[in-house]
Amino acid sequence: MLIGKNPDIPSSEITPQRSYEWYLSRRKFLRGAMTTGAAALGAERLAEVFSPSTAAKADTKLQTVKSPLTTTGEQLTSFEDITHYNNFYEFGVDKDAPARNAGGLPTRLWTVKVEGKVKTPKTFDIEVLLKLRPLEDRVYRHRCVEAWSMVIPWVGYSLSEFIKECDPLPSAKFVQFLSYFDSKVEKWYGEDATIVWPYSEGLRMDEAMNPLTLLTFGLYGQVLPNQDGAPVRIVVPWKYGYKSAKSIVAVRFLDKMPRTTWNDQAPNEYGFYSNVNPNVDHPRWSQKTERRIGQAFYAQRKGTLMFNGYSDLVASMYNGMDLKKNY
Ligand SMILES: Nc1nc2c(c(=O)[nH]1)N[C@H]1C(S)=C(S)[C@@H](COP(=O)(O)O)O[C@H]1N2
Ligand SMILES: [Mo]
């Protein structure tokens with residue numbers, strides 16, 4: 001599955017073994033079915049298998065304003081790479097699977113439920129969310145726990161602005177984000193897999209309120225392509241990529257730390273905090289360097305920065321924590 005891709009960490013390592021094997025056998029079955037007689041699949045199934053990729057179209061432009069909270073001086077990763085090298089396991093394990101499979105994600109009508117420790121539970125329509133605050137252009141480094149990275153020009157506003165509209169109670173200490181999940185659309189990972197859907201992520205309240213944490217609606221000045229988490233996702237640039245949950249349908253305010261998807265999979269490998277930290281290796285690989293996607297071979301390797309380079313804005317939240325430990 002990795003021929004011609006050469007990622008740093010094979011998906012077989014990152015993926016729970018059982019589900020990976022299931023995925024491979026399923027793929028072999030599908031390929032066999034296609035060559036021995038496409039008719040066997042049925043017209044509907046074929047349409048799904050060959051559904052076109054969902055690159056953003058011209059009519060998807062967003063009105064944006066400049067932001068002071070933007071990374072400068074680094075070459076942006078291309079739109080092509082940002083939209084064809086993805087992790088979105090609901091739509092498959094290969095890096096190019098989300099671009100092929102996420103076309104059916106129904107991004108309208110879309111609502112985000114606000115639940116838990118709030119004055120009154122509410123539901124926000126995506127059209128309302130898009131107009132709640134001016135949309136800012138924010139360039140952030142994006143560092144995946146698999147040791148690759150990108151520089152992405154996101155569009156959104158601080159999650160804190162949204163949280164103000166949610167009226168959380170003083171007892172709210174954590175925020176949980178739940179991703180869209182419908183087995184009819186997202187069948188690419190498989191019912192046998194060990195991941196418990198929906199994808200769940202979370203932040204401590206002060207992390208969620210940090211102005212860097214972005215409620216994200218677009219990239220490159222356009223609405224998010226489905227494979228990048230349309231129509232709304234979280235981006236937390238000082239943490240490993242998996243903390244940035246895609247296609248959010250619910251935000252829960254909690255008094256306890258929520259369950260999170262990768263922590264469920266391997267608690268010793270993927271902590272709740274998961275701050276980017278070059279001094280704490282993953283149990284199975286080093287986090288000292290990263291491979292910048294799309295750069296020439298000789299320029300690809302970069303030293304990974306503490307808090308992904310955002311220490312000035314975030315380090316004080318972790319005073320007293322031992323930064324040599326994996327949380
Ligand atoms: N719902 C959901 N959100 C997710 C993931 C996922 O599999 N499902 N993958 C995470 C990981 S591991 C990364 S690196 C980023 C990737 O975002 P991108 O594909 O837009 O670069 O999304 C994160 N959010
Ligand atoms: Mo990731």
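**Cavities and an open sheet**

I begin with the second largest cavity, which holds about 230 Å³ of space. Please bear in mind throughout that this is a predicted model.

The largest cavity has a volume of about 380 Å³. It is lined by 26 residues, with Asn 87, Phe 88, Tyr 199, Gly 241 and Tyr 242 the closest to its centre. Strand S4, residues 148-158, supplies four residues, the largest share of that lining. In the lining of the largest cavity, 15 residues are nonpolar, six are polar and five are charged.

I turn now to the sheet. Five strands make up an open sheet of mixed pairing, ordered S2-S1-S10-S5-S6. Strand S2 (122-125) and strand S6 (200-204) are at the edges and have a single partner strand each, so one side of each lacks a neighbour in the sheet. From one strand to the next, the twist averages 20°.

Which sense does the pairing of S1 and S2 take, parallel or antiparallel? Strand S1, residues 111-116, pairs with S2 in the antiparallel sense, over four bridges. Lys 113 has Thr 123, in S2, as its bridge partner. Helix H7, residues 159-166, packs on this sheet and touches S1, S2, strand S5 (174-179) and strand S10 (248-254). The direction of H7 makes about 135° with that of S2.

Key: Residues are numbered from 1 along each chain as its sequence is written. Chains are lettered from A and ligands numbered from 1 in the order in which they are written. This is a predicted model: local features need pLDDT of at least 70, side-chain atom pairs count only at pLDDT 80 or more; totals for chains, interfaces and linings use all residues. Side-chain values use heavy atoms; hydrogens and water are left out. On a 1 Å grid over the protein atoms alone, a cavity is a set of points where a 1.4 Å probe fits but cannot get out, and a pocket is an open set with protein on both sides within 12 Å along at least five of seven lines; lining residues have an atom within 4 Å of a point. Grid points are joined across faces, edges and corners, and a volume is the space filled by probe spheres set on the points. Helices (H or I, at least four residues) and strands (E, at least two) are DSSP runs, numbered from the N terminus. Ala, Val, Leu, Ile, Met, Phe, Trp, Tyr, Cys and Pro count as nonpolar, Asp, Glu, Lys and Arg as charged, and the others, Gly among them, as polar. Two strands pair if DSSP finds at least two bridges between them. Axes are lines fitted to C-alpha atoms, for helices over the stretch in contact, and angles run from 0 to 180 degrees between N-to-C directions. Contact means heavy atoms within 4.5 Å.
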